[in-house]
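I opened a notebook for a structure I had not looked at before. The entries below record what I looked up, in the order I did it.

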Protein chains: 2
Amino acid sequence: MILIEDNRAPNPRRVRIFLAEKGIEVERRHLDIMVEEHKTPDMVKRNPFMRIPVLELDDGTCIAEAMAICRYFEALHPEPALFGETPVDIGMIDMWQRRIELQLMHPIAYAFRHAHPKMAHLEQPQIKQWSEVNVGRVEAMLEFLNGELASRQFIAGDRFSVADIDALCAVDFMRVARVAMNDEHTQLRRWHDEVSARPSAVA
Amino acid sequence: MILIEDNRAPNPRRVRIFLAEKGIEVERRHLDIMVEEHKTPDMVKRNPFMRIPVLELDDGTCIAEAMAICRYFEALHPEPALFGETPVDIGMIDMWQRRIELQLMHPIAYAFRHAHPKMAHLEQPQIKQWSEVNVGRVEAMLEFLNGELASRQFIAGDRFSVADIDALCAVDFMRVARVAMNDEHTQLRRWHDEVSARPSAVA
């Protein structure tokens, strides 16, 4: 199998950190999305939505979507469980993974893609007002997460999970949207320092 | 446990159809989101994002997010498997569930919420141009799905899955965004007729 990805975007990084936490090695091929290598006919066949990462299996089956790729590997290699083990943990981790994705990753992506000149060829039309609305949503979510992290070590509870992977990739991607943690986000910074210190974070 | 939901929105319907397919009965409480019953202090405690459905367990634990609730029930009652059984099926169903959610449900919601006068109190500010962009995305996705469904019975393959539940709830919610299947969407209509004929669809 081969993982088709790039080195700069947050979605491939979600998969790289997940694999590093599991101790799984996978062959990789890098594309450069800035010169639209993800839009070639070969890539459209692999993923008609022209997004990476894509995991191509030996029989040609292609799994797109970062979290879908992670779920495939979780089913193959259950330990350590990053999507939870008990029904309640599975539900709570999925809830937090979704909250991070929908309330933090997506707003960051919208804030960035609808404002940055370099994104004009990828996001048509760019809508400045939609970018601005989403900057506000990112700031509100940082404030919310800072409050939540006062009572527990990780995003979804007392164990590291995919929700932490997504939140780390999101927070580290915020600079492109020109949003940052502020000095009062002490709990969020404590969490960010901890997850950034894990060996998987360099992936 | 109790499922807190409403009767009109698509997200609670995703859970109802999922439970009907599993044959699971759960006590329910209905809220009316048009008069903001989901924004009371009690509901904010259950879900700070003030969205439904929310599943409240007997110990007070609250699981929000429709798919997270479904995953909790899938872990409790694995049969019939609606998120897949083998690693490849699990990955492919998650990929299709996400494609339906991100490329169909979200665009429908944006098209509706950013244009309809009745949504003005829920979506601030409403951005007409963002609604229009998303109408185009919904139409493109219908066209794409129609092509995909020429080669298989269900959204993610030859078995009914959560991807079908999401797609059914999305397609049935399109009228609020004033988008519809056209006469050339013969495969999509064939699929829609089939999944609508399942007993779970009335949920």
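**Entry 1: what I am looking at**

I note at the start that this is a predicted model. I listed the secondary structure of chain A and got seven helices and four strands. Along the sequence, chain A reads β-α-β-α-β-β-α-α-α-α-α.

I then looked at the dimensions. The C-alpha atoms of chain A fill a box of roughly 45 × 45 × 25 Å along the principal axes. For 203 residues, a compact globule would have a radius of gyration near 17 Å, and chain A agrees because its value is 17 Å.

**Entry 2: the sheet**

I asked myself in what order the strands of chain A form the sheet. The order is S2-S1-S3-S4, in an open sheet of four strands with mixed pairing. In chain A, strand S2 (27-30) and S4 are at the edges; each has a single partner strand, so one side of each has no neighbour in the sheet. From one strand to the next, the twist averages 20°.

I followed one pair in detail. Strand S1 (residues 2-5) of chain A and strand S3 (residues 54-56) of chain A run antiparallel and share three bridges. Within this pair, I found Val54(A) as the bridge partner of Ile4(A). H3(A) packs on the sheet and touches S3 and S4 of chain A. The direction of H3(A) makes about 120° with that of S4(A).

Three bridges join the antiparallel strands S1 (residues 2-5) and S3 (residues 54-56) of chain B. There I noted Ile2(B) opposite Glu56(B) in S3(B).

**Entry 3: two domains**

I looked up the domain assignment of chain A, which gives domain 1 (2-76) and domain 2 (87-202). The C-alpha centres of the two domains of chain A lie 21 Å apart. Their contact takes eight residues from domain 1 of chain A and 10 residues from domain 2 of chain A.

Which helix gives the most to the side of domain 1 of chain A that touches domain 2 of chain A? I found helix H1 (residues 10-22) of chain A, with seven residues. By class, that side of domain 1 of chain A has five nonpolar, no polar and three charged residues.

**Entry 4: backbone details**

A cis peptide bond joins Gln124(A) and Pro125(A), with omega at about -5°. I placed Pro125(A) in the loop between H4 and H5 of chain A. In chain B, a cis peptide bond joins Gln124(B) and Pro125(B), again with omega at about -5°. Pro125(B) lies in the loop between helix H4 (87-113) and helix H5 (128-148) of chain B.

I also noted Glu65(A), which has a positive phi, near 80°, although it is not a glycine. Glu65(A) is in the loop between S4 and H3 of chain A.

**Entry 5: how the copies meet**

The contact between the chains takes 29 residues from chain A and 29 residues from chain B. On the side of chain A that touches chain B, the elements giving two or more residues are strand S4 (62-64), helix H3 (66-76), helix H4 (87-113) and helix H5 (128-148) of chain A. H4(A) gives the most to this side, with 10 residues. I sorted the residues of this side of chain A by class and got 20 nonpolar, four polar and five charged.

Last, I checked how the copies are related. Chain A superposes on chain B by a rotation of 180° with 0.0 Å of shift along the axis, at an RMSD of 0.0 Å. The two copies are thus related as by a two-fold rotation axis. The same surface serves both copies, since 100% of the contact residues of chain A recur in chain B. Of the residues of chain A, Trp130(A) comes closest to the rotation axis, with its C-alpha at 3.7 Å.

Key
Residues are numbered from 1 along each chain as its sequence is written. Chains are lettered from A and ligands numbered from 1 in the order in which they are written. This is a predicted model: local features need pLDDT of at least 70, side-chain atom pairs count only at pLDDT 80 or more; totals for chains, interfaces and linings use all residues. Two residues are in contact if their C-beta atoms, placed from the backbone, lie within 7 Å. Ala, Val, Leu, Ile, Met, Phe, Trp, Tyr, Cys and Pro count as nonpolar, Asp, Glu, Lys and Arg as charged, and the others, Gly among them, as polar. Copies are superposed by least squares on the C-alpha atoms of residues with pLDDT of at least 70 in both. Two strands pair if DSSP finds at least two bridges between them. Axes are lines fitted to C-alpha atoms, for helices over the stretch in contact, and angles run from 0 to 180 degrees between N-to-C directions. Domain bounds come from an automatic or database domain assignment. The radius of gyration is taken over C-alpha atoms; the globule rule is 2.2 Å times the number of residues to the power 0.38.
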